[in-house]
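Visitor: I have a structure open and some questions about it. Can we go through a few spots?
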Amino acid sequence: MKKQLLILSALLTTAIACKKEGGQEAPGLKRDEAIAAAPAALAYELVWSDEFDGTSLNTSKWGYENGNLGVNNEKQYYQTENVAVSNGNLVITARKQTVAGQPYTSGRINTNGKFSRKYGRVEARIKLPGVQGLWPAFWMLGSNIATAGWPACGEIDIMEHVNTRNTVLGTIHWFNTAYSYYGGSTTTTPTDYHIYAIEWDASSIRWYVDGVQYHTANILNNINGTEEFHNNFFILLNVAVGGNLPGNTINDNALPASMLVDYVRVYNITNTGSGAPIGATISLRGNNNLFVSGENGTQAMTCNRATAQAWEQFTVVEAGGGKVALQSQGKYVSSENGANPITCSRTTIQDWEKFDWIANSDGTFSLRGNNGLYVSSENGEQAMTCNRAAIGGWEKFTY
């Protein structure tokens, strides 16, 4: 698809398939602890969307989950017939209808195997049914669920709503020696259209309704065992009937009832003050026209590779305070404070792993370490350093 670039204010500032009972809210994720501030201005680059403008579900983007999934004591049987696209909306309908021993039917879809994402902004414009006993959700699961299982794969609930309440929930679920969760809520008018979103980077996951942030989870440096949230996740939409969260008092007289989804969109996030492509995986090229290699973290970094393979790929992550970090092969680039050649061997982001992304007027960029000095490619003739006081040719990069 053609990528689109949107400039938005930083004031643009959250899901449920598996067993929720028996966990504890993580004490280390309190709201007043280590919450990363958003940059002053952000740019959003559209990388995936479904506008639901056709007459049927786009199965190149979504797959159906059908049957009795046996989770949360829910009462529905999911089937394809309960998912439709009409009048510019995805329509997922819950019905009083007995199929395969289940007293209700509904619909559930996901992007597993078709689209997944690590970091960025994920949003949808949704109108909810507001019926006693219904549990609609817009959420994400770790793409490794087939091997890791739940909750070790991680779960991000972008938005879930139960019964007739005037609140929506945003929650993460993960495994940290035992099942753990951390959630927040906000008041809204669920039966009207609203834009529900998360913004997610290496530091935190932040929840929004109509551009207003109401909840943050700190995931910096895998705090409280949150390493799950530094992997790819896929998207789900469903309407459950009954279950542990809404209970099993269901208003049959209000059925059928539907959740309407106007669109789902996923963006890269960029700090417009620097142009850093937050969340993107890039290859850096020096002015010698060769690529920077992380050397798999086993030796000092170099800028001498003719092709970009795995060691030459870096994910740009938001490191807080407008700074970025570069991650390759699960490790972060360190400036080594300019005292030694730079490496890609650190498992956490500390000061030496934070850089200013400097946009140069000629379309290149430079990286400035926390020592105030610039990263040099050394023209590929020796290991890279972070000890240059000014930007010359060796301190300029493209990607």
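Predicted model: local features only at pLDDT ≥ 70, side-chain atom pairs only at ≥ 80, totals over all residues.

Visitor: Glutamine 329, then. Which residues does glutamine 329 touch, not counting residues up to four places away in sequence?
Guide: Glutamine 329 touches Asn296, Ala310 and Trp311.

Visitor: Why is glutamine 329 called partly exposed?
Guide: Its relative accessible area is 42%.

Visitor: What separates the C-alpha atoms of glutamine 329 and glutamine 313?
Guide: A distance of 8.4 Å, and the two residues are 16 residues apart along the chain.

Visitor: New topic: salt bridges. How many does a search of the whole structure find?
Guide: The search finds 16. One of them joins the side chains of arginine 121 and glutamate 199, at 2.8 Å from N to O. That pair links distant parts of the chain, 78 residues apart: arginine 121 belongs to strand 10 (residues 120–127) and glutamate 199 to strand 15 (residues 194–200).

Visitor: Are arginine 121 and glutamate 199 buried or exposed?
Guide: Both are buried.

Visitor: Which residues are linked with them in a network of salt bridges?
Guide: The network holds Arg121, Glu123, Glu199, Asp201 and Arg206. Within it, aspartate 201 pairs with arginine 206, with 3.1 Å between the closest N and O atoms. Aspartate 201 and arginine 206 are both buried.

Visitor: What about aspartate 356, which residue does it form a salt bridge with?
Guide: With arginine 368, where the closest N and O atoms are 3.3 Å apart. Aspartate 356 is in strand 29 (residues 355–359) and arginine 368 is in strand 30 (residues 365–369), so the bridge ties together parts twelve residues apart in sequence.

Visitor: Is aspartate 356 buried or exposed?
Guide: Aspartate 356 counts as buried because its relative accessibility is 17%, and the cut-off for buried is under 20%. Arginine 368 is partly exposed, with a relative accessible area of 26%.

Visitor: Last one: what is the volume of the largest cavity?
Guide: About 80 Å³. Its lining includes Leu284, Val292, Met301 and Phe314.

How values were computed: Residues numbered from 1 in each chain as written. Heavy atoms only, no water. Buried < 20%, exposed > 50% of the residue type's maximum accessible area, 1.4 Å probe, protein only. Contact = heavy atoms within 4.5 Å. 1 Å grid on protein atoms, 1.4 Å probe; cavity = no way out; pocket = protein on both sides within 12 Å on 5 of 7 lines; lining within 4 Å. Points joined across faces, edges and corners; volume = space filled by probe spheres on them. Salt bridge = Lys/Arg side-chain N within 4 Å of Asp/Glu carboxyl O. Helix = DSSP H or I, 4+ residues; strand = E, 2+ residues; numbered from the N terminus.
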